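Thanks for coming, everyone. I would like to walk through the aromatic rings first, and then turn to the core and the sheet.

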Amino acid sequence: QVQLVESGGGLVQPGGSLRLSCEASTSIDLYEMSWSRRAPGKQRELVARISSGSSPYYQGSLKGRVTISRDNAKNTVYLQMNSLKPEDTAVYYCHTIWGQEYWGQGTQVTVSS
């Protein structure tokens, strides 16, 4: 069983930045890690993923404004988000596949003035 715990969400003004963290309950060295989000009334969408070798992949409207990184020593993956817009308001989830899919509980990001 793998537990993923996200943190770092909150209320931010348009144009602001947030860094989300996802801490795993075990070593993540060998695994690809991902961030997705679900905005109100919309389907869940992939935001970014990072390979075990730290190669990033970005998708969707946050591309160009987001950076995914990992610290294997801390079993943690980060999502740095900049120039946030109201449409980035969503619950952000960390997830991975370790034989099966594992998802965190999500962290709410609200972009509003």
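Is tryptophan 103 buried, partly exposed or exposed? With a relative accessible area of 28%, tryptophan 103 is partly exposed, where buried means under 20% relative accessible area, exposed over 50%, and partly exposed in between, with a 1.4 Å probe and protein chains only. Please keep in mind that this is a predicted model, in which local features need pLDDT of at least 70 and side-chain atom pairs count only at pLDDT 80 or more, while totals for chains, interfaces and linings use all residues. Residues are numbered from 1 along each chain as its sequence is written, and side-chain values use heavy atoms, with hydrogens and water left out.

Now to the rings. Rings of Phe, Tyr and Trp (its six-membered ring) pair if their centres lie within 6.5 Å, and planes under 30 degrees apart count as stacked, over 60 as edge-to-face and the rest as tilted; by this rule there are two aromatic pairs. The centres of tyrosine 31 and tryptophan 98 are 4.1 Å apart and their planes stand at 10°, so this pair is stacked. Tyrosine 31 belongs to the loop between strand 3 (18–24) and strand 4 (33–38), and tryptophan 98 to the loop between strand 9 (90–97) and strand 10 (101–103), so the pair links distant parts of the chain, 67 residues apart, with strands taken as DSSP runs (E, at least two residues) numbered from the N terminus. Tyrosine 31 is partly exposed at 29%, whereas tryptophan 98, at 15% relative accessibility, counts as buried.

The other pair is tyrosine 93 with tryptophan 103, which is edge-to-face, at 6.1 Å centre to centre and 75° between the planes. Because tyrosine 93 lies in strand 9 and tryptophan 103 in strand 10, this pair ties together parts that are 10 residues apart in sequence.

Isoleucine 68 has leucine 79, in strand 8, as its bridge partner.

Definitions and conventions: Helix = DSSP H or I, 4+ residues; strand = E, 2+ residues; numbered from the N terminus. Pairing = 2+ DSSP bridges.
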